Each structure stands twice: as structure tokens, then as C-alpha cells.
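Let's take a walk through this protein together. Have a look at the picture first, and then we'll go through it piece by piece.

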Amino acid sequence: MAEHRSEKSAKVAAERVTTTKPRKATPKPQTGKKAKPALLAGGNPQIAKAEGDAPVQAYIAAMPGWKSDVGRRLDAIIMRTVPGVHKAVKWNSPFYGIQGQGWFLSFHVFTRYVKVTFFQGASLRPVPPGQSKHKDVRYLDIYEDQLDEAQFTAWVKQASQLPGERL
């Protein structure tokens with residue numbers, strides 16, 4: 001009788017082994033390679049909140065398709081127009097400002113365009129076309145191949161000379 005139980009126990013144990021789901025291997029971190037940031041709604045890159053040029057460049061590099069080129073152009077114009085500009089990524093958007101004076105501009109990726117926010121846009125001349133529920137804020141929506149660099153440069157120069165937004 002003892003042998004019978006042993007055979008039965010062995011058979012039950014064998015069935016358990018074959019019916020148990022195999023464990024998934026934990027993915028090993030890749031050395032030397034950084035994972036691409038996740039894209040949120042509309043293709044907006046998810047970049048951790050941080051100060052400096054590096055997170056802004058990471059955001060721009062992660063912008064999908066033609067929008068990455070727009071991001072590089074915006075960043076280059078801002079840096080050329082406002083030497084020493086202070087940069088950060090906040091709320092998954094690059095911010096530009098003057099150290100100690102606040103932020104004057106930000107941009108954000110949407111499905112079909114890149115939205116530039118001028119925090120004191122109502123004071124710019126001419127006033128950027130996009131209205132806001134905030135009386136001082138104005139927007140510029142940039143679609144593929146539609147950036148007027150001369151006008152954008154003029155707005156950046158004006159915006160950088162106005163009191164910035166403290167966020």
C-alpha cells in the first residue's frame with residue numbers, strides 16, 4: 001500500500017509541475033542604452049521634471065516626426081535670441097526663462113501641431129493669434145512647415161524682456 005501512495009504522489013507532483021505557468025524572466029537593464037521616453041496623449045514626450053539643457057534636449061529628441069525638427073528650430077532661435085536663457089522641463093513641456101525673473105515661454109506637443117505658450121503674450125506686438133482663458137497668455141500653434149522664424153524671433157525677444165511667470 002505504501003508503494004501505491006508513492007506512485008500516486010509522484011504522479012500528482014508531476015502533474016503540478018507541468019500545469020504550473022512558467023515564470024516570466026525579469027528583463028535585464030540594458031547598459032549604455034537609454035530607453036526612449038513614453039509618448040503621452042498627442043505624442044507629447046514624458047520627460048521627468050528637471051532644470052537645464054539636458055532634459056530639454058531629451059524632450060526635443062523624443063518629439064515624434066517633423067515636430068522634433070520644429071523643437072530644434074525653436075530651441076535654436078530662443079538660444080540665439082536670448083543668450084544665457086534658463087531652461088527646464090516642467091509638466092512634460094520645455095520652459096524658457098531668465099534666471100531669477102521667471103519663465104517667458106513654453107511649448108507642448110499635440111497630435112497635429114506644436115503649441116507655443118507666451119506667458120505675457122498679450123503684451124507682444126503683434127499679439128500672437130491664439131487666445132487663452134488667462135488674460136495675459138497667448139498661444140502660437142505651429143503646424144508642419146509653418147514656422148515664421150522672423151516673427152517668432154521678434155516675439156521671443158519681446159517676451160524675454162517682460163516680467164516672467166513664476167511657476
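Which residue in E2 is the bridge partner of Ala-50? The partner is Val-89. Keep in mind that this is a predicted model. E1 and E2 run antiparallel to each other, paired over two bridges.

Now zoom out to the sheet those two strands belong to. Six strands make up an open sheet, lined up as E1-E2-E3-E4-E5-E6, with antiparallel pairing. E1 and strand E6 (138–142) sit at the edges with a single partner strand each, so one side of each has no neighbour in the sheet. Helix H3 packs on the sheet, where H3 touches E2, E3, E4, strand E5 (114–118) and E6. The direction of H3 makes about 165 degrees with that of E4.

Next, look at helix H2, which covers residues 53–62. Its buried residues are Pro-55, Val-56, Tyr-59, Ile-60 and Ala-62. What covers them includes strand E1 (50–51), helix H3 (66–81), and strands E2 (86–90), E3 (93–98) and E4 (102–109).

What about the inside? In soluble globular proteins, nonpolar side chains tend to be buried together. Here, the largest nonpolar core counts 28 residues, and Leu-105, Phe-107 and Phe-152 have the most contacts inside it. H2, H3, E4, E5, E6 and helix H4 (149–160) each supply at least two residues of this core.

Let's finish with Phe-152. Setting aside neighbours within four places in sequence, Phe-152 is in contact with Leu-74, Ile-77, Ile-78, Leu-105, Val-116, Phe-118, Leu-140 and Leu-147.

Methods
Residues are numbered from 1 along each chain as its sequence is written. This is a predicted model: local features need pLDDT of at least 70, side-chain atom pairs count only at pLDDT 80 or more; totals for chains, interfaces and linings use all residues. Side-chain values use heavy atoms; hydrogens and water are left out. Buried means under 20% relative accessible area, exposed over 50%, partly exposed in between (1.4 Å probe, protein chains only). Helices (H or I, at least four residues) and strands (E, at least two) are DSSP runs, numbered from the N terminus. Contact means heavy atoms within 4.5 Å. Two strands pair if DSSP finds at least two bridges between them. Axes are lines fitted to C-alpha atoms, for helices over the stretch in contact, and angles run from 0 to 180 degrees between N-to-C directions. A nonpolar core is a set of buried Ala, Val, Leu, Ile, Met, Phe, Trp, Tyr and Cys residues joined through side-chain atoms within 4.5 Å.
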